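Colleague: I have the model open and would like to go through it with you. Could you take me through the sheet, the disulfides and the aromatic rings in turn?

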Amino acid sequence: QLQLVQSGGGSVQPGGSLRLSCAASGFSLDHYDIGWFRQAPGKEREGVSCINKSDGSTNYEAYVKGRFTISRDPAKNKVYLQMNSLKPEATAVYYCAAGQRRYGPGFCNPGPITHGYGYWGHGTQVPVSS
């Protein structure tokens, strides 16, 4: 069965850190562009970060740049989202996604457009509060 399985969510205080994991089952993430998205209560889904499958280039939305880091481990067939200096407004359900986005070299789009992402994780709750 082809699926993405997420782990690593949970409550965290403002200023804290958390690492989300996304493991692929039944296919290799090496062949797919990766995206992380989030959806806060009552809000539209927004993009967070991405990886270009061809050259590993990464990109981030402005509201997480410098605090979040996306990475992948081909040996474990996993991708990660390291989140540091978390703010209460980061409270959301976080989703990983894999697909074919046809990026050119050195670029990926971390925005909210989900076109091209055919595989989705089930979502991980990340409440940030004191």
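Colleague: What is the strand order in the open sheet of four strands?

Modeller: The order is S1-S2-S7-S6, with antiparallel pairing, where strands are DSSP runs of E with at least two residues, numbered from the N terminus, and two strands pair if DSSP finds at least two bridges between them. This is a predicted model, in which local features need pLDDT of at least 70 and side-chain atom pairs count only at pLDDT 80 or more, while totals for chains, interfaces and linings use all residues. Residues are numbered from 1 along each chain as its sequence is written, and side-chain values use heavy atoms, with hydrogens and water left out.

Colleague: How many bridges join S1 to S2?

Modeller: Five bridges join S1 to strand S2 (residues 18–25), and the two run antiparallel. Within that pairing, Val5 has Ala23 as its bridge partner, and Gln3 stands opposite Ser25. S2 also pairs with strand S7 (residues 78–83) in the antiparallel sense, over six bridges, and there Leu18 stands opposite Met83.

Colleague: Now the cysteines: how many disulfides does the structure hold?

Modeller: There are two disulfides, a disulfide being a pair of cysteine sulfur atoms within 2.5 Å. Cys22 and Cys96 form one of them, with their sulfur atoms 2.0 Å apart. Cys22 lies in strand S2 and Cys96 in strand S8 (residues 92–99), so this pair ties together parts that are 74 residues apart in sequence. The torsion about their S-S bond is about 70 degrees, so the disulfide is right-handed.

Colleague: Is Cys22 buried or exposed?

Modeller: Cys22 counts as buried at 1% relative accessibility, and Cys96 likewise counts as buried at 0%, where buried means under 20% relative accessible area, exposed over 50%, and partly exposed in between (1.4 Å probe, protein chains only).

Colleague: And what about Cys50 and Cys108?

Modeller: Their sulfur atoms are 2.1 Å apart, and the link is right-handed, with 85 degrees about the S-S bond. Cys50 is in strand S4 (residues 46–51) and Cys108 in the loop between S8 and strand S9 (117–120), 58 residues apart. Both Cys50 and Cys108 are buried. With bonded cysteines counted along the chain, the disulfides follow the pattern 1-3, 2-4.

Colleague: Switching to the rings, how many aromatic pairs are there?

Modeller: The count comes to eight aromatic pairs, under the rule that rings of Phe, Tyr and Trp (its six-membered ring) pair if their centres lie within 6.5 Å, with planes under 30 degrees apart counted as stacked, over 60 as edge-to-face and the rest as tilted. The rings of Phe27 and Tyr119 have centres 4.6 Å apart and planes at 20 degrees, so that pair is stacked. Phe27 is buried, with a relative accessible area of 10%, whereas Tyr119 counts as partly exposed at 23%.

Colleague: Which residues do ring pairs link into a cluster?

Modeller: Phe37, Tyr95, Tyr117 and Trp120 are linked in this way. The rings of Tyr117 and Trp120 have centres 6.1 Å apart and planes at 75 degrees, so they are edge-to-face.
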